[in-house]
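Please look at the sequence and the model before reading the notes.

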Amino acid sequence: MKWLKFLFIFIPISIVLEVSGFHNPLVLFIVSCLSIIPLAGLMGEATEEISVYAGSRVGGFLNATFGNATELIISILAIRAGLFDVVKASIAGSVLGNTLLVLGASMFVGGLKYKSQKFNKKAIGMSTNMLLLAVIGLCIPAIFMHSIDSKLISTRYESLSVAVAVILLIVYILGLVFSFYTHKDIYGTEHDGSDKETKWSLKFSILVLVIATVLIAVESEFLVGSVEPMSKAIGLSEFFVGIILIPIVGNAAEHSTAIIMALKNKMDVAVEISIGSSLQIILFVAPILIFISLLFRPMSIVFNEFELIALISSIFIVSKVASDGECNWLEGVQLMSVYLIIAIAFFII
Amino acid sequence: MKWLKFLFIFIPISIVLEVSGFHNPLVLFIVSCLSIIPLAGLMGEATEEISVYAGSRVGGFLNATFGNATELIISILAIRAGLFDVVKASIAGSVLGNTLLVLGASMFVGGLKYKSQKFNKKAIGMSTNMLLLAVIGLCIPAIFMHSIDSKLISTRYESLSVAVAVILLIVYILGLVFSFYTHKDIYGTEHDGSDKETKWSLKFSILVLVIATVLIAVESEFLVGSVEPMSKAIGLSEFFVGIILIPIVGNAAEHSTAIIMALKNKMDVAVEISIGSSLQIILFVAPILIFISLLFRPMSIVFNEFELIALISSIFIVSKVASDGECNWLEGVQLMSVYLIIAIAFFII
Amino acid sequence: MKWLKFLFIFIPISIVLEVSGFHNPLVLFIVSCLSIIPLAGLMGEATEEISVYAGSRVGGFLNATFGNATELIISILAIRAGLFDVVKASIAGSVLGNTLLVLGASMFVGGLKYKSQKFNKKAIGMSTNMLLLAVIGLCIPAIFMHSIDSKLISTRYESLSVAVAVILLIVYILGLVFSFYTHKDIYGTEHDGSDKETKWSLKFSILVLVIATVLIAVESEFLVGSVEPMSKAIGLSEFFVGIILIPIVGNAAEHSTAIIMALKNKMDVAVEISIGSSLQIILFVAPILIFISLLFRPMSIVFNEFELIALISSIFIVSKVASDGECNWLEGVQLMSVYLIIAIAFFII
């Protein structure tokens with residue numbers, strides 16, 4: 001991920017542009033996106049370092065919880081700006097991107113090097129079970145609401161959203177208990193981490209984490225501010241920006257890590273990154289966003305029909321492809337093709 | 001299931017209340033529900049005793065056919081009373097309850113005691129195949145009807161319902177032939193029953209069965225009579241009563257048996273109870289109800305959108321969770337969570 | 001397949017009827033259908049002969065590509081005649097027929113003779129993955145279009161259709177590369193073909209192929225010409241003709257081959273015929289038809305709701321039933337039952 005380092009140059013550029021009152025929203029959008037990518041990578045590295053110091057269990061929790069901090073920060077700022085549709089689209093888009101694009105690209109690139117790559121069928125089976133539950137849980141309110149066309153007053157939507165958010169969050173916590181306490185053995189030694197070496201001191205890691213968080217927040221502010229004028233200027237829907245572009249930015253670091261792992265024939269790690277990250281988005285990020293939205297203006301968890309179709313399709317194909325504990329380049333192509341078809345459909349509508 | 005015995009006290013109470021012209025529909029509803037629970041358990045015991053006397057094959061058929069007699073009786077009386085929506089909701093609700101709540105609770109409770117519980121993957125695979133076919137068969141008429149918004153005259157709905165009912169019933173009978181004749185070996189010795197001991201004489205068992213059936217019919221009459229006024233009185237929709245409350249009453253006995261089996265690490269039996277019971281509902285009870293409705297006023301098999309979504313979601317998550325022939329407490333939590341989200345959504349709408 | 005030979009008599013009959021200006025469209029429809037059945041079989045034989053001469057790889061490509069030539073010819077003529085709904089219905093119907101009816105009948109008939117039949121789980125798993133991708137790819141444009149009720153101008157539908165067609169075709173080609181080059185080993189020796197004997201000389205095979213193609217085109221012309229008047233005359237919807245009748249005609253040869261293979265306990269071949277044929281329809285025939293329609297009047301790939309439901313249901317039940325690499329007669333019954341329920345529903349609407 002050395003190439004990521006060069007992107008740090010966009011942080012001062014974006015700040016100079018903002019301060020100088022530069023007005024092209026497309027340029028501001030691109031520059032802030034490019035600044036967030038290396039910062040998200042840096043934040044991930046710092047979290048991992050702290051995790052090693054914290055010992056295997058607490059570290060595992062930390063990693064599992066702050067792995068999607070970038071999405072969380074962007075989304076919170078977008079909620080404050082009232083961009084609910086962009087936030088919901090980016091939740092759906094993150095799941096889509098992680099399960100289809102990240103996993104597909106890993107399977108494809110890994111499959112070009114190795115004829116067949118194996119991964120822990122049992123652990124991944126538990127993860128895809130969880131993902132299916134999570135997507136059903138997240139989609140049921142939306143499907144119900146679409147079926148009864150707005151006979152309900154909106155306060156009911158919100159109370160349903162909060163109830164679902166509470167249930168999903170409890171399941172998330174129980175899932176962590178499952179994988180770090182009661183059944184940690186089925187995940188092999190990956191979660192152990194005792195053999196990892198530290199690069200940085202604990203103090204330095206915390207300092208890096210704080211700085212990265214602050215800078216991501218600043219850049220996300222620029223990003224969120226540019227979404228609306230940029231969409232208007234170049235004629236892309238805010239929906240497309242939310243479901244395709246923002247998730248790619250937020251997940252770029254995970255994306256490159258997963259592919260590197262696939263190339264090292266550590267397909268277990270690659271699959272875990274993509275499915276685990278999707279789980280975090282639905283079971284942790286989405287509920288937290290629902291709760292945070294109550295501080296500003298309540299956001300319902302009701303996805304639109306396109307998001308539902310995309311989410312449900314992606315879960316089924318990923319569950320199916322991952323069910324045998326083996327993968328090859330063609331399965332990667334299959335996942336990426338579904339992503340591409342969905343992306344083109346979103347682009348055209 | 002000793003606690004069930006105490007509930008017999010509600011039989012005389014309910015009769016006294018009815019006879020004395022007591023008018024609170026909520027009390028009548030609750031009391032008749034509480035009376036049915038131990039009667040359903042008693043009927044199950046009597047059927048099982050008779051099955052032992054009848055020998056393994058005929059006995060298996062008897063058990064498979066009268067296992068849901070309580071639901072059948074309640075539903076027939078509800079059809080006679082014209083409560084079609086309640087009947088259809090309780091069919092969908094029984095499947096939901098059996099696949100998500102009963103199975104989920106068994107996996108959860110069993111999983112707290114045993115780290116991992118195994119069950120006969122092959123036999124359960126055949127059952128979930130059957131369940132998928134059954135749900136697709138049951139849902140296709142509904143989905144078709146929803147897509148063409150009432151361009152059809154209603155007699156066509158009914159002839160489609162009857163055709164589907166005939167097909168499902170034939171598949172049910174062929175399924176019994178499969179599991180009791182041609183492929184009984186894949187179900188292991190469970191179905192053999194030759195080692196079972198009898199508690200009661202045959203005559204006494206038949207007497208108990210007759211008495212239980214009569215009393216269930218009486219109590220179901222009270223129950224059905226109280227549904228409409230009770231729904232109005234406390235502001236719950238009849239739909240909620242049908243899809244959540246009635247199935248819990250009808251399945252209470254199976255529910256407790258399944259959990260007891262899970263605690264004895266006989267997960268095979270627990271899974272068989274929950275999935276087998278769902279199959280009976282769709283492939284046997286539902287078709288029989290369609291035929292019986294022809295005697296009164298023809299009932300179509302067309303479910304509403306909420307029922308469809310709930311049925312389809314439940315089948316997918318159960319198939320997925322059961323596909324590996326193993327379970328643990330977290331899978332139980334996953335199933336129960338989906339049930340809870342669906343129940344909350346039904347409660348709110 | 002000796003009985004097929006007797007059907008050749010319908011070729012001269014149909015030509016005589018057409019030339020003599022015979023006007024009963026039902027008779028013309030039936031006679032042209034009956035003529036196409038043996039011709040499709042003959043074409044298949046000729047293709048197979050040529051494949052043997054061409055060597056295993058090129059031969060495999062030939063077989064995989066021209067296996068559905070009959071459907072392709074009928075559809076091209078129907079597109080020229082502007083019968084878009086019939087063409088789309090027959091694409092959906094071919095997938096339905098191959099996955100549910102052909103596979104179900106093979107499993108049923110084979111299962112009556114052999115208690116349990118095994119097939120190559122890994123190869124079939126790859127095929128059902130592909131089928132799931134293909135159906136999702138084919139359905140996403142339709143689902144999207146149904147959700148936004150005609151806010152789009154139709155040129156956008158078409159550009160989306162072309163984009164999807166290009167992606168599906170690329171995936172098809174990559175799938176051939178996978179099964180004939182990079183991973184040919186997982187398909188066992190079936191694809192090798194080196195042990196096959198030739199019946200005909202290469203020249204004669206090519207001659208037979210050319211003659212069969214010409215005659216199929218002629219008969220398809222009669223068939224397509226009779227669809228509209230026949231539907232009107234006997235009150236069947238063109239949709240029913242497209243989704244049920246035409247696919248049965250187009251797939252009759254494959255149907256009988258698959259059943260013969262099942263009876264020889266070569267379930268691998270039977271499953272490969274049914275799933276492989278469905279894949280060809282979606283990944284090769286459908287895209288080619290989209291491209292060809294651009295020459296006349298652009299046809300969108302947007303299926304109606306009934307087709308979508310039928311396609312999606314069929315994929316799920318086939319994936320589930322085929323997932324364990326074993327089958328029995330009851331699984332055959334399950335697949336055929338779903339087909340029957342869908343066919344009855346189509347007949348009634």
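Predicted model: local features only at pLDDT ≥ 70, side-chain atom pairs only at ≥ 80, totals over all residues.

Residues are numbered from 1 along each chain as its sequence is written, while chains are lettered from A and ligands numbered from 1 in the order in which they are written.

**How two chains are related**

**Contacts between chains**

- Chain A brings 26 residues into contact with 23 residues of chain B; two residues are in contact if their C-beta atoms, placed from the backbone, lie within 7 Å.
- On the side of chain A that touches chain B, α7 (121–147) and α8 (154–182) of chain A each supply at least two residues. The largest share, 12 residues, comes from α7(A). Helices are DSSP runs of H or I with at least four residues, strands are runs of E with at least two, and both are numbered from the N terminus.
- By class, this side of chain A has 17 nonpolar, 8 polar and 1 charged residues. Here Ala, Val, Leu, Ile, Met, Phe, Trp, Tyr, Cys and Pro count as nonpolar, Asp, Glu, Lys and Arg as charged, and the others, Gly among them, as polar.
- Chain C has 23 residues in contact with 26 residues of chain B. The elements giving two or more residues to this side of chain C are α12 (305–322) and α13 (329–348) of chain C, and α13(C) gives the most, with 12 residues.
- The side of chain C that touches chain B divides into 15 nonpolar, 4 polar and 4 charged residues.

**Two helices of chain A**

- Helix α6 (residues 84–113) of chain A has 30 residues, which should span 44 Å at 1.5 Å a residue, and the 42 Å between its end C-alpha atoms agrees with this. The expected span is 1.5 Å times one less than the number of residues.
- α6(A) has a kink of about 35° centred on A:Gly97; the bend at a residue is the angle between axes fitted to the seven residues ending there and the seven starting there.
- In α6(A), 25 of the 30 residues are buried, a residue being buried if 20 or more other C-beta atoms lie within 10 Å of its own, exposed if 12 or fewer, and partly exposed in between, with C-beta atoms placed from the backbone.
- Helix α9 (residues 202–234) of chain A has 33 residues and reaches 45 Å from its first C-alpha to its last, close to the expected 48 Å. α9(A) bends by about 40° at A:Val227, and A:Pro229 follows within four residues.
- After α9(A) comes A:Gly235, with a positive phi near 75°.

**Single residues**

- Most residues other than glycine have a negative phi. A:Asn265, however, has a positive phi near 65°, and lies in the loop between α10 (238–263) and α11 (267–293) of chain A.
- A:Asn265 counts as partly exposed because it has 13 C-beta neighbours inside 10 Å.
- B:Ala78 lies in helix α5 (residues 69–80) of chain B and counts as buried, with 24 C-beta neighbours inside 10 Å.
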